[in-house]
Amino acid sequence: MLNNIEKSIFPVLKDMRHFEKILKSQHEIVVFLETRVSQLKDLVKYAHQHSKKVFIHADLVKGLKADEYGIEFLIHNVKADGIISTRGKAISFVKKYQVIGILRLFALDSHALDHNLKICNRVQPDYIEVLPGVVPKIITEVHEKTGIPVIAGGLIRSEQDVINALEDGAKAVSTSNPELWKLM
């Protein structure tokens, strides 16, 4: 687990034009949302040289399958500090290697929420990223039913969205909006 993510923002790199901005920021963690497998190792190495921890969304790496071998590659070859996935099985593999595992949960409807809560309770990820992160009641419910710290992500568009998510129990907020990275 991370020492202090309380009231944090995780900059999410969707656009490589913002990579240098993230590296120069005070943020400890950067999330790679959409990358190519061919560039990952160099990007992670460069981020580590700037004292950043790198979390990679395994499902969205172009050219990588988020199975046991893909996870093993991200951990051993790329040296990811954490893995994000919507797949419980992928997070189970991550946990075997004692790397931070974040299960991304989409709160689309009651059925999807119930299904995802069962996966969370079975897999026991280190953190759960709830999307959309602007649904405060769901953030509270997920934390209460799992006991796992929640990261709010998705549709975080304003400072008020960040404040609301943190006040409603999220430990951190992930956002690809560079304007919001400066809040914390």
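Me: A helix here is a DSSP run of H or I, at least four residues, numbered from the N terminus. Which helix does E179 lie in?

Reply: E179 lies in helix α8, which covers residues 178–181. The model is a predicted one.

Me: How far is E179 from H143?

Reply: The two C-alpha atoms are separated by 28 Å. Along the chain, E179 and H143 are 36 residues apart.

Me: Step back a bit. How many helices and strands does the chain have?

Reply: The chain has 8 helices and 10 strands. Its C-alpha atoms fill a box of roughly 40 × 35 × 25 Å along the principal axes.

Me: What would a compact globule of 184 residues have as its radius of gyration, and what does the chain have?

Reply: A compact globule with 184 residues would have a radius of gyration near 16 Å, and the chain has 15 Å, so the two agree. As for burial, 51% of the 184 residues count as buried.

Me: Now strand β10. Which way do its residues point?

Reply: Strand β10 spans residues 172–175. A172 and S174 point one way, V173 and T175 point the other way, and all of them are buried. In a regular strand, side chains alternate between the two faces of the sheet.

Me: Which strands are joined to β10?

Reply: Strand β1 (residues 8–13) is joined to β10 by 4 bridges, and the two run parallel. Strand β9 (residues 150–153) is joined to β10 by 3 bridges, also parallel. V173 in β10 has I9 opposite, and A152 also stands opposite V173.

Me: What do β9, helix α7 and β10 make?

Reply: They make a right-handed β-α-β unit, with helix α7 at residues 159–167.

Me: Where is the cis peptide bond next to P132?

Reply: The bond from L131 to P132 is cis, with omega near -5 degrees. P132 lies in the loop between β8 and α6 (136–146).

Me: What about S51, what is its phi?

Reply: S51 is not a glycine, but its phi is positive, about 60 degrees. Most residues other than glycine have a negative phi, and most peptide bonds are trans. S51 sits in the loop between α2 (37–49) and β4 (53–57), and S51 counts as exposed because its relative accessibility is 61%.

Me: And K79, what is its phi?

Reply: K79 has a positive phi of about 70 degrees and is not a glycine. K79 is in the loop between α3 (68–78) and β6 (82–85). With a relative accessible area of 48%, K79 is partly exposed.

Note on methods
Residues are numbered from 1 along each chain as its sequence is written. This is a predicted model: local features need pLDDT of at least 70, side-chain atom pairs count only at pLDDT 80 or more; totals for chains, interfaces and linings use all residues. Side-chain values use heavy atoms; hydrogens and water are left out. Buried means under 20% relative accessible area, exposed over 50%, partly exposed in between (1.4 Å probe, protein chains only). Two strands pair if DSSP finds at least two bridges between them. A crossover is right-handed if, with the strands pointing away from the viewer, the path from the first strand over the helix to the second runs clockwise. The radius of gyration is taken over C-alpha atoms; the globule rule is 2.2 Å times the number of residues to the power 0.38.
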